Amino acid sequence: MAQKDHGPSIKDDEQYERLREQGESKEKAARIANTERSTAGKRGGTADAYEEWSVDELRDRAAEIGIEGRSDMTKDELIDALRNH
């Protein structure tokens with residue numbers, strides 16, 4: 001199958017297509033496809049694991065990134081939604 005060109009905003013078209021076929025959102029696929037392989041896995045902050053956050057903190061973070069239905073979610077559901085956004 002011919003690879004599509006997603007323009008200059010996507011650095012690795014092949015990886016982007018593979019992620020989209022696996023059901024990832026356009027946003028997540030683009031974020032992953034644009035991460036340089038030499039820095040992947042080396043980045044990251046020093047924030048506590050989501051399990052250490054309060055439900056209110058998790059809901060605030062979910063609101064920042066636009067997760068729908070967050071007010072009705074349990075702590076475990078919020079963590080899952082945040083990790084899979």
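These legends go with several close-up views of a predicted model.

View 1. Going along the sequence, you get the pattern α-α-α-α. The protein has 85 residues, and 24% of them count as buried. As for the surface, the protein exposes about 6400 Å², with carbon and sulfur atoms supplying 44% of that area. On the contact side, take the pairs with a separation of 6 or more: residues 24 or more positions apart make up 24% of those contacts.

**View 2. Helix 1 crossing helix 2.** Two packed helices are described by the angle between their axes and the distance between the axes. Here, helix 1 spans residues 13–21 and helix 2 spans residues 26–33, and their axes come within 9 Å, crossing at roughly 145 degrees. The crossing is right-handed.

**View 3. The residues where helix 1 and helix 2 meet.** Helix 1 brings Gln15, Tyr16, Leu19 and Arg20 to the contact, while helix 2 brings Lys26, Ala29, Ala30, Ile32 and Ala33. Sort the residues of this contact by type and you find six nonpolar, one polar and two charged.

**View 4. Glycine 66 in its loop.** This residue sits in the loop that links helix 3 (55–64) to helix 4 (75–83). Buried or exposed, or something in between: where does glycine 66 fall? Its relative accessibility is 42%, so glycine 66 counts as partly exposed. Look also for histidine 85: it lies 19 residues from glycine 66 along the chain, and the C-alpha atoms of the two are separated by 9.4 Å.

Notes:
Residues are numbered from 1 along each chain as its sequence is written. This is a predicted model: local features need pLDDT of at least 70, side-chain atom pairs count only at pLDDT 80 or more; totals for chains, interfaces and linings use all residues. Side-chain values use heavy atoms; hydrogens and water are left out. Axes are lines fitted to C-alpha atoms, for helices over the stretch in contact, and angles run from 0 to 180 degrees between N-to-C directions. Helices (H or I, at least four residues) and strands (E, at least two) are DSSP runs, numbered from the N terminus. A crossing is left-handed if the near helix is turned anticlockwise from the far one by less than a right angle, and right-handed if clockwise. Contact means heavy atoms within 4.5 Å. Ala, Val, Leu, Ile, Met, Phe, Trp, Tyr, Cys and Pro count as nonpolar, Asp, Glu, Lys and Arg as charged, and the others, Gly among them, as polar. Buried means under 20% relative accessible area, exposed over 50%, partly exposed in between (1.4 Å probe, protein chains only). Accessible areas come from the Shrake-Rupley method with a 1.4 Å probe; for residues, only the protein chains shown count as cover.
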